[in-house]
Amino acid sequence: MIIRFKPGLRAAELDRIKNKIADFLPGAVLADGRGFISVRTRRPELLGERLALIENLPGVQKTELSLEETCPRTLAAPPPELAGIFKKNAAKKFILIAGPCAIEDEASYLAAAVRLKAAGANALRAALFKPRTSPYSFQGLGGKGFSIIKKAKRRTGLAAVTEATSETQLADISRFCDVIQLGARNMRNYELLKAAAAFGRPVLLKRAPGATLKEWLLSAEYLIKYGNENIILCERGDSFSKPDPRGLDLKMIQRAVKAAALPVIADPSHAAGDRDLVPAQALAAVRAGADGLMIETALDPGTAIMDGRQTLTLTAFAKLLKEIRKLRSL
Ligand code: PEP
Ligand code: MN
């Protein structure tokens with residue numbers, strides 16, 4: 001941490017600041033600079049509560065924290081196996097989550113699930129609770145869809161990834177599904193993060209549009225602090241309105257891969273908003289170092305109630321996988 005001082009700091013004020021820091025951060029090592037001091041502590045988690053006290057001290061202008069100090073555990077904790085689909089630092093299996101935006105009916109979902117497995121997917125999108133901008137839009141099948149997920153898992157053996165939009169859904173999602181998805185709208189829903197962490201299921205955490213790397217990793221830090229380090233980070237672009245010409249934030253993927261000890265995947269479907277743009281976005285994410293992809297794919301996207309325009313056909317999905325295999329093994 002760097003602590004910058006206001007101009008004209010007196011020696012007595014500097015001494016007082018140093019003494020206070022020794023109180024706030026026992027064992028911290030201080031080094032003097034011109035107009036600042038740098039502080040190294042082995043207990044960066046203390047900074048969360050004590051930073052405001054340090055910033056309040058007379059003579060202090062501001063404090064600057066590195067990403068390591070802000071998100072110590074996200075950067076340091078390599079996750080154990082994630083629902084059998086990914087093992088960081090071991091057999092680095094590409095995470096390939098595919099399926100329709102939402103489960104709309106049993107027959108088409110089960111048929112798609114079987115074909116997605118045959119094509120090479122290793123987990124299924126299995127959404128029942130949809131966060132919709134309009135209350136008049138389809139909200140998802142809700143709890144009555146768990147029986148469909150159960151059948152899809154039995155038929156394919158694939159992990160099911162299901163978004164939770166409320167704490168009340170977490171127990172059932174944890175019982176019937178394998179991965180809890182926390183969507184872009186809920187990245188900053190800290191009570192939901194805390195509650196989700198308690199269920200012991202891996203959590204797929206999307207980046208909220210506009211969120212910085214630090215904010216995204218701090219949300220992951222919530223999950224770790226509250227008991228769950230099985231996290232997949234998912235980049236999904238910066239807009240809810242579609243199509244967004246900016247697409248995925250590829251730099252964000254590169255920075256997250258470099259900084260975090262967690263797998264980082266990309267969702268080119270919600271980033272592109274248009275199925276014709278999805279393959280190029282997916283391949284760009286792979287080139288940027290993504291550890292996996294989440295891709296909306298359905299039997300007949302033309303009749304989908306949700307996000308049909310950005311949903312790939314199974315044929316397009318299989319073709320995309322061929323292109324991905326030229327870049328890396330799956
Ligand atoms: C989704 O993946 O179903 C979804 C709602 O995406 P996002 O949270 O990224 O908007
Ligand atoms: Mn969707």
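Predicted model: local features only at pLDDT ≥ 70, side-chain atom pairs only at ≥ 80, totals over all residues.
Colleague: How do strands of a sheet pair?

Modeller: In general, strands pair through backbone hydrogen bonds, in a parallel or an antiparallel way. Here an open sheet of four strands has antiparallel pairing, in the order β2-β3-β1-β4.

Colleague: Which strands stand at the edges?

Modeller: β2 (29-32) and β4 (60-64) do. Each has a single partner strand, so one side of each has no neighbour in the sheet. On average, neighbouring strands of this sheet are turned by 20° against each other, direction ignored.

Colleague: Over how many bridges do β1 and β3 pair?

Modeller: Strand β1 (residues 2-5) pairs with strand β3 (residues 36-40) over three bridges, in the antiparallel sense. For a residue to look at, take R4, which stands opposite F36 in β3.

Colleague: Which strands does helix α2 lie across?

Modeller: Helix α2 (residues 47-56) lies across β1 and β4, and runs at about 150° to β4.

Colleague: Now the metal. Which residues coordinate the manganese ion (ligand 2)?

Modeller: The manganese ion (ligand 2) is coordinated by C101 through SG, H270 through NE2, E296 through OE and D307 through OD, at 1.9 to 2.3 Å. Along the chain, the donors of this ion follow the spacing C-x168-H-x25-E-x10-D.

Colleague: Where do E296 and D307 lie?

Modeller: E296 is in strand β12 (residues 292-296), while D307 is in the loop between β12 and α13 (314-327), so the pair ties together parts eleven residues apart in sequence.

Colleague: Is E296 buried or exposed?

Modeller: E296 is buried, because its relative accessible area is 1%, and buried means under 20%.

Technical notes: Residues numbered from 1 in each chain as written. Chains lettered and ligands numbered in written order. Heavy atoms only, no water. Pairing = 2+ DSSP bridges. Helix = DSSP H or I, 4+ residues; strand = E, 2+ residues; numbered from the N terminus. Axes fitted to C-alpha atoms, helices over the stretch in contact; angles between N-to-C directions. Contact = heavy atoms within 4.5 Å. Donors = N, O, S within 2.8 Å, 3.2 Å for Na, K, Ca; no water. Buried < 20%, exposed > 50% of the residue type's maximum accessible area, 1.4 Å probe, protein only.
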